[in-house]
Amino acid sequence: MTYNAGERKDVRKAEKASRIAARDDRDAIVRIMSDTFGRAWMWRKLEAARIFADPFTGDALVEAFNKGYRSFGMILLSDIMLHCPQMYLKMTEEANVRRINDDNDSDTSGSTEHSGSENGRRDVEGPDSTADVTDGDEDRTYN
């Protein structure tokens, strides 16, 4: 079936599909950002997209590549800011806590004890509610 912009029925169908896609995108961002692990994952994606760094390198091709990553990261960031800006603030606070903890861990590299919850995982919101859930790697730290 082809799309005809002159047909009101086709236009309404396309508008409906667009509204459904926008709602699904909103729901996905809100769902990811509503969970500590989701926010940590999103932070890593935004960092990988070079949102928090200058894409300038002096090499035009590398810079263009970096700007492509950054462009996609900006789309994610704008969706976050549009649909759940308060979770962005929470995500940055959690990232700062992880960075401080990582800095402290590197300062005390001889120590094997970790601060955080009783199960050894770092937590910024209190005890880890998923402490009983393992993926076969009990030593894994979710930062």
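Of the 143 residues of the protein chain, 22% count as buried (under 20% relative accessible area with a 1.4 Å probe, protein chains only; exposed is over 50%, and partly exposed lies in between). This is a predicted model, in which local features need pLDDT of at least 70 and side-chain atom pairs count only at pLDDT 80 or more, while totals for chains, interfaces and linings use all residues. Residues are numbered from 1 along each chain as its sequence is written, and side-chain values use heavy atoms, with hydrogens and water left out.

Switch to cartoon view. The protein chain has four helices and zero strands, running α-α-α-α from the N terminus on. Helices here are DSSP runs of H or I with at least four residues, strands are runs of E with at least two, and both are numbered from the N terminus. Among contacts between residues at least 6 apart in sequence, 43% join residues at least 24 apart; a contact means heavy atoms within 4.5 Å.

**First stop: H2 and H4**

Select residues 36–48 for helix H2 and 85–107 for helix H4. At what angle do H2 and H4 pack? The angle is about 80°, with the axes 9 Å apart. Axes are lines fitted to C-alpha atoms, for helices over the stretch in contact, and angles run from 0 to 180 degrees between N-to-C directions. H2 and H4 are therefore roughly perpendicular to each other (65 to 115 degrees; under 35 is roughly parallel, over 145 roughly antiparallel, and the rest oblique).

Now show side chains at this contact. From H2, pick Thr 36, Arg 39, Ala 40, Met 42, Trp 43 and Leu 46; from H4, pick Met 87, Lys 90, Met 91, Thr 92, Glu 94, Ala 95 and Arg 98. Colour by class and the contact of H2 with H4 shows seven nonpolar, two polar and four charged residues. Ala, Val, Leu, Ile, Met, Phe, Trp, Tyr, Cys and Pro count as nonpolar, Asp, Glu, Lys and Arg as charged, and the others, Gly among them, as polar.

While you are here, click Arg 44 in helix H2. Arg 44 counts as partly exposed, at 39% relative accessibility. Its C-alpha atom is 9.3 Å from that of Ala 95, 51 residues apart along the chain.

**Second stop: H2 and H3**

The axes of H2 and H3 come within 8 Å and cross at roughly 145°. Met 42, Leu 46 and Ala 48 of H2 meet Tyr 69, Gly 73, Leu 76, Leu 77 and Ile 80 of H3. By class, this contact has seven nonpolar, one polar and no charged residues.

How many aromatic pairs does the structure hold? There are two, where ring centres must lie within 6.5 Å, with the six-membered ring used for Trp, and planes under 30 degrees apart are stacked, over 60 edge-to-face and the rest tilted.

Zoom to Trp 43 and Phe 52, a stacked pair at 4.6 Å centre to centre with 20° between the planes. Trp 43 is buried at 13% relative accessible area, whereas Phe 52 is partly exposed at 41%.

Then move to Phe 65 and Tyr 69, an edge-to-face pair at 5.0 Å and 70°.

**Last stop: Arg 50**

Stay on Tyr 69 and select Arg 50, which lies over the face of that ring at 4.7 Å from its centre (CZ of Arg or NZ of Lys within 6 Å of the ring centre and within 35 degrees of the ring normal). Arg 50 sits in the loop between H2 and H3, and its phi is near 60°, a positive value in a residue other than glycine.
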